[in-house]
Each structure stands twice: as structure tokens, then as C-alpha cells.
Amino acid sequence: MKSALNLMAKLVFLLALIYGCYGELQDLSGKVFVIPMATSTSHVKLHANVSEPISAMTMCQRFNSEQERGQSLFSLATQSYDNDLLLYKRSMGVYRVHIRGVSLDFISLPDSKNEWISICWTWDSKSGLTQLWVNGKRSARRILKPDTSVTGTPSIMLVQEQDSYGGGFDVSQSFEGEVTDVHFWDSVISPCEIQLYMELNRFTPGNILNWKALEFTVEGKVFIEKSEFRSECYNY
């Protein structure tokens with residue numbers, strides 16, 4: 001009996017260790033990540049099962065901040081590139097995207113302090129065409145890193161920019177505010193789907209990252225709180 005109990009205890013410990021490493025699967029509908037202060041440690045690590053190279057993608061999220069300085073919104077690093085896919089807000093209305101370490105800026109896009117901003121970023125490696133949608137307004141299409149793909153095991157972070165794989169955070173680049181409704185697709189979703197996302201209407205959730213079934217771990221001063229959006233507004 002004692003040996004059986006010891007075996008059971010070891011099994012429980014092993015399962016806790018495994019699930020602790022891979023995060024916690026949660027439906028975050030009507031919830032937000034709150035990051036109340038800038039630090040070089042607080043972050044949200046997103047766990048995604050990415051088995052194939054990423055040759056096209058769409059990433060959407062909503063954020064609210066009172067800061068005008070530069071802030072990291074979404075960071076995907078691999079062992080090859082710390083800025084494999086990075087969305088960085090440089091200043092008010094100016095957003096910088098990185099793909100495989102190469103960057104370009106989108107300017108004069110909608111922005112305001114202490115207001116919710118809905119943003120989607122698309123990229124197709126066949127053409128290299130990439131663009132942003134911010135609060136329903138589409139940027140010009142630009143070309144960045146055609147004929148390539150993101151390969152390797154990704155390390156995906158919110159609210160921090162990775163200057164090394166899984167770390168290298170800089171407090172001056174950290175996000176301070178609230179983040180919600182993060183989705184990621186391994187395709188360029190249609191303009192109609194993006195508009196549905198922008199308008200809080202029914203849309204197809206991300207197949208790589210899905211806010212309604214998100215696996216994540218948090219570190220430092222990151223809190224999960226109710227959004228001011230009423231839960232019945234989330235129809236997807």
C-alpha cells in the first residue's frame with residue numbers, strides 16, 4: 001500500500017510538472033490581462049502547437065494604454081531570430097512590424113490614449129504583402145520578406161519584446177496597460193473576417209492562438225480581470 005501511494009504521489013507530481021511547463025488552458029472571454037506598471041520581468045507567455053513553418057499569418061488583439069512611448073504588443077522569437085514576428089508600437093499612430101529580423105513602419109494610423117485599440121496584422125510569404133488594420137482602417141499594403149517562412153519552435157510573448165529567445169526584456173520596450181482578444185491564424189484571413197473582429201461580431205477564432213481556449217503562463221505583475229465589455233457582446 002505504501003509503495004502504491006508513493007507511486008501515485010510521484011505521478012501527481014509529474015503531471016503537475018508537465019502541465020505547469022505548458023501553461024493553463026482557459027476561456028478568457030470577457031477578460032483582460034492587466035499590466036499596471038512597466039517592468040523588465042512581467043510578461044505573458046503563450047503556448048501554441050506550431051508543427052509546420054509559418055508561411056502566412058494573421059494576428060489580432062485589442063489593447064488600451066495611456067502611454068505614448070514605444071511598447072511591444074506581440075513578440076514571436078525562434079532560435080534563429082529574436083524578432084521573427086514582432087509588432088511594436090513606436091509612438092502614437094506609428095507601428096513597426098518585424099519579419100525574420102527585417103522591419104518597416106506604418107504611420108498615420110488611428111490611435112488614442114486610454115481608449116481600446118483593435119489591431120490586426122497580416123502577412124503572406126508568397127508575395128511578401130503585409131498590412132495592418134487599426135480600428136477598422138486598413139494601412140497601405142507593403143512588401144516584407146517574400147519567399148520565406150518562420151521555422152523552428154516559437155517563443156511567443158505578450159507585453160515584452162524578446163531580445164533573445166525567451167528573454168532579453170527591456171523595461172523601456174515593455175507594454176503598460178490592458179490586452180485582450182488575442183488570436184493568431186496560420187493564414188491571411190479575409191477582410192470581412194477582420195471587420196467582424198473589429199466590430200466584436202461573430203468570427204472564426206484563431207487556429208494557433210484562440211482567446212477562448214488560450215494556453216499561457218504569466219510572470220510578475222500581470223493580472224486577469226473582467227473587461228468593461230459585457231460578456232454577451234462576445235458572440236464568437
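**Close-ups of a predicted model**

**View 1. Phe33, Trp211 and Phe216 come together as one aromatic cluster.** Rings of Phe, Tyr and Trp (its six-membered ring) pair if their centres lie within 6.5 Å; planes under 30 degrees apart are stacked, over 60 edge-to-face, and the rest tilted. There are six aromatic pairs in the structure. A quick note on the numbers: this is a predicted model, where local features need pLDDT of at least 70 and side-chain atom pairs count only at pLDDT 80 or more, while totals for chains, interfaces and linings use all residues. Residues are numbered from 1 along each chain as its sequence is written, and side-chain values use heavy atoms, with hydrogens and water left out.

**View 2. The largest nonpolar core has 41 residues.** A nonpolar core here is a set of buried Ala, Val, Leu, Ile, Met, Phe, Trp, Tyr and Cys residues joined through side-chain atoms within 4.5 Å. Buried means under 20% relative accessible area, exposed over 50%, and partly exposed in between (1.4 Å probe, protein chains only). Phe33, Leu46, Phe74, Leu87, Tyr95, Leu158 and Phe184 touch the most other members. A separate second core holds nine residues, among them Trp185, Ile194, Tyr197 and Phe203.

**View 3. Helix H2 (residues 191-198) has Ile194, Tyr197 and Met198 buried.** They span an arc of only 100 degrees around the axis, so they sit on the same side of H2; the arc is that of the directions from the helix axis to the C-beta atoms. As a reminder, an α-helix has 3.6 residues a turn, so residues three or four places apart point the same way. What do the buried residues of H2 pack against? They pack against strands S4 (56-64), S9, S10 (129-134) and S14 (177-185), with a contact meaning heavy atoms within 4.5 Å. After H2 comes Leu200, with a positive phi near 60 degrees.

**View 4. Phe63 and Phe175 form an edge-to-face pair, because their planes are at 90 degrees, with the ring centres 6.1 Å apart.** The pair ties together distant parts of the chain: Phe63 is in strand S4, while Phe175 is in the loop between strand S13 (155-158) and S14, 112 residues apart. Both Phe63 and Phe175 are buried.

**View 5. Tyr197 pairs edge-to-face with Phe203, at 5.3 Å centre to centre and 75 degrees between the planes.** Tyr197 counts as buried at 0% relative accessibility, and Phe203 is buried too, at 5%. Arg62 lies over the face of Tyr197, 4.0 Å from the ring centre. For a charge to sit over a ring, NZ of Lys or CZ of Arg must be within 6 Å of the ring centre and within 35 degrees of the ring normal. Elsewhere, the charged end of Arg142 sits over the ring of Phe106, 5.7 Å from its centre.

**View 6. Asn114 and Asp181 are not glycines, yet Asn114 has a positive phi of about 55 degrees, and so does Asp181.** Most residues other than glycine have a negative phi. Are these two buried or partly exposed? Asn114, in the loop between strand S8 (102-106) and S9, is partly exposed, with a relative accessible area of 48%. Asp181, in strand S14, is buried at 0%.

Note on methods
Helices (H or I, at least four residues) and strands (E, at least two) are DSSP runs, numbered from the N terminus.
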